[in-house]
Amino acid sequence: MILGRSLTLWTGAVAAVLNAAVLANLVVLTGDQVAALNGAVFAVLALVAASDGVQVAKGAAAAARLAAKKADA
């Protein structure tokens with residue numbers, strides 16, 4: 001997860017923005033270049049989502065939510 005959102009959401013958003021930019025002729029790329037760029041960005045996002053720092057932050061947030069639930073009960 002990145003910023004509390006799933007990796008699938010981020011990869012879809014990046015692909016949509018890049019592909020829309022190509023379709024609107026804001027960026028001139030061939031199909032091969034778009035595919036390579038999509039793959040590279042997705043690989044970097046996957047590395048970020050699987051990094052220990054993100055997982056630790058996620059775990060700390062989950063622990064805080066559980067503690068708040070217990071305090072309310």
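Predicted model: local features only at pLDDT ≥ 70, side-chain atom pairs only at ≥ 80, totals over all residues.
## A partly exposed residue in the loop

A residue counts as buried when its relative accessible area is under 20%, as exposed when it is over 50%, and as partly exposed in between. Val27 has a relative accessibility of 32%, so it counts as partly exposed.

Where does Val27 sit? You'll find Val27 in the loop between H1 and H2. If you skip its neighbours within four places in sequence, Val27 touches Ala21 and Val22.

## The chain as a whole

Now zoom out. The chain has three helices and zero strands, so reading from the N terminus you get the pattern α-α-α. There are 73 residues in the chain, and 14% of them are buried.

What about the surface? The chain's accessible surface comes to about 5,200 Å², and 71% of that belongs to carbon and sulfur atoms. As for contacts inside the chain, take those between residues at least 6 apart in sequence: 53% of these join residues at least 24 apart.

## How H1 and H2 pack

Helix H1 covers residues 7-23, and helix H2 covers residues 31-49. Their axes are 10 Å apart, and the two helices pack at an angle of about 155°. Angles over 145 degrees count as roughly antiparallel, and that's why H1 and H2 get that label. Their crossing is right-handed.

## A closer look at Asn38

Let's pick out one residue from that contact. Asn38 belongs to helix H2, and Asn counts as polar. Is Asn38 buried or exposed? Its relative accessibility is 12%, which is why Asn38 counts as buried. The cut-off for buried is under 20%.

And what does Asn38 touch? Leaving out its neighbours within four places in sequence, Asn38 is in contact with Ala15, Leu18 and Asn19.

Key
Residues numbered from 1 in each chain as written. Heavy atoms only, no water. Helix = DSSP H or I, 4+ residues; strand = E, 2+ residues; numbered from the N terminus. Buried < 20%, exposed > 50% of the residue type's maximum accessible area, 1.4 Å probe, protein only. Contact = heavy atoms within 4.5 Å. Areas by Shrake-Rupley, 256 points an atom, 1.4 Å probe, with all protein chains shown as cover. Axes fitted to C-alpha atoms, helices over the stretch in contact; angles between N-to-C directions. Parallel < 35°, antiparallel > 145°, perpendicular 65-115°, else oblique. Left-handed = near helix turned anticlockwise from the far one by under 90°.
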